[in-house]
Amino acid sequence: MALPSALASQLESIRRQCADRSPCWGDEVRHIPVERYYDSGIRDAEVEQLFRKLPLIAAHSSELAPGQALAHDAYGVPMLLTRDADGRARAFLNVCRHRGMRLVQHAQAQDKPAISCPYHGWTYRLDGTLRHMLHAEAFGPCAQGERDLVALPCAERHGLVWVVPSPGAAIDLDDFLGGLNDELPFHEIESLQLFRTIDAEYAANWKLIVDAFLEPYHIRVLHRDTIAPFFTDGITAAERHGPHISSLVARRTAQERVDAKGPMPSTTDEVRRLATPSHVIFPNTITIFHPDYLSLITLYPTGPETLRWTHRMLVPKDKSTPDWTPHWEKTFSLIEQGVFQKEDIHCAVNIQKGLRTGANAHLTVGRMEQAVAWFHDAVASRL
Ligand code: FES
Ligand SMILES: [Fe+2]
């Protein structure tokens, strides 16, 4: 696929910054009030306005084969995802229409000819329609569809399954993703395969994690013993697509290429070797396109000062055979434990501990961190 124009202009910006040896920064210093990271009213408004109204990424397409179902609990609403024989992904509340039992238990997809309630056996097809009730004559007549599973708005695009966790809500990914619809195909997310998912809860506000992935300012210090040697200091190009943010963080190889007056890259693989593409897909998803795999991170505010972290490692299909497993195991533990847990998440948790001390009325966002302020503006404008 040809380089999307937004990505081409980010690459050109990186080329110029490397050539001039001068990072291009934002215009203003901004201040984020600390209450935004612990106020329970703000957290409740975020859940209502962002996590119940917007399309959220619930799975990678490879997690659900035709004829399978899985339980999804990461967003505070018990959801059930299915893919029926015709290949269509659907989402429902994971709640039986008889007396409300949870229907599917497993977060990992399982083959299911039908979904049978473990309590009294009401059975549903994967399209959510009620197929069978034991002793149906014990129940009066009902209107067509009245006892079907409650569907949630669901759509599949760019290799991802998106759900709005509110029955009856609308879902319009053309409108919601805007310019990201042009850029995401370049990253070939649908060609990947899930390798591993880590689900964990941490004592920090969810936005502290997003903040950490929106600025390269910290790489040199926080990540000095892990990933810093692979990156240039502070050279990045970021762009807004509505509330979403797309950025490219220059790797050392970008500086070397520009110094050697070599051509700038145009294919997906070449781009990732020179600069790391990353997104905040509003409100709660972070992508990091490492040179040969994708970290897809979704977040949920389980409370004002706690978050749920779900990190999916997605690898190329042709490198997902068993002989690749030791390589990905090692890679995943380096990035998830060594970098994310010990460095980025460790910082978020330690910032949270000091937010209520009165040391800071606000957190300060410098000109190298302007995308952090963009994200907070996008959140605040929707509450
Ligand atoms: S609660 Fe599901 S069949 Fe009774
Ligand atoms: Fe980081």
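This report covers an iron site, a charged surface patch and some backbone features of a predicted model.

## Basis

In this predicted model, local features need pLDDT of at least 70 and side-chain atom pairs count only at pLDDT 80 or more, while totals for chains, interfaces and linings use all residues. Residues are numbered from 1 along each chain as its sequence is written, chains are lettered from A and ligands numbered from 1 in written order, and side-chain values use heavy atoms, without hydrogens or water.

## Iron site

H218 (NE2), H223 (NE2) and D344 (OD) coordinate the iron ion (ligand 2) at 2.0 to 2.1 Å. Donors are N, O and S atoms within 2.8 Å of the metal (3.2 Å for Na, K and Ca); water is not among the atoms, so sites may look incomplete. The donor residues follow the spacing H-x4-H-x120-D. H218, in the loop between α5 (206–212) and α6 (219–222), and D344, in helix α9 (residues 325–354), are 126 residues apart. Helices (H or I, at least four residues) and strands (E, at least two) are DSSP runs, numbered from the N terminus.

H218 is buried at 16% relative accessibility, and D344 is buried at 5%. Buried means under 20% relative accessible area, exposed over 50%, and partly exposed in between (1.4 Å probe, protein chains only).

## Backbone features

The peptide bond from F282 to P283 is cis, with omega near 0 degrees. P283 sits in the loop between β16 (275–281) and β17 (285–289).

R21, a residue other than glycine, has a positive phi near 50 degrees; R21 is exposed at 57% relative accessibility. K261, also not a glycine, has a positive phi of about 55 degrees and is exposed, with a relative accessible area of 74%.

## Charged patch

E188, E190, D269 and E270 form a patch of negative charge on the surface. Patches are made of residues with over 30% relative accessible area and no salt bridge, with like charges joined within 9 Å and nonpolar side chains (Val, Leu, Ile, Met, Phe, Trp, Tyr) within 5 Å. A salt bridge is a side-chain nitrogen of Lys or Arg within 4 Å of a carboxyl oxygen of Asp or Glu. E190 is partly exposed at 42% relative accessibility.

Conventions: Accessible areas come from the Shrake-Rupley method with a 1.4 Å probe; for residues, only the protein chains shown count as cover. Lys and Arg count as positive and Asp and Glu as negative; His and the chain ends are not counted. The place of a charge is taken as NZ of Lys, CZ of Arg, CG of Asp or CD of Glu.
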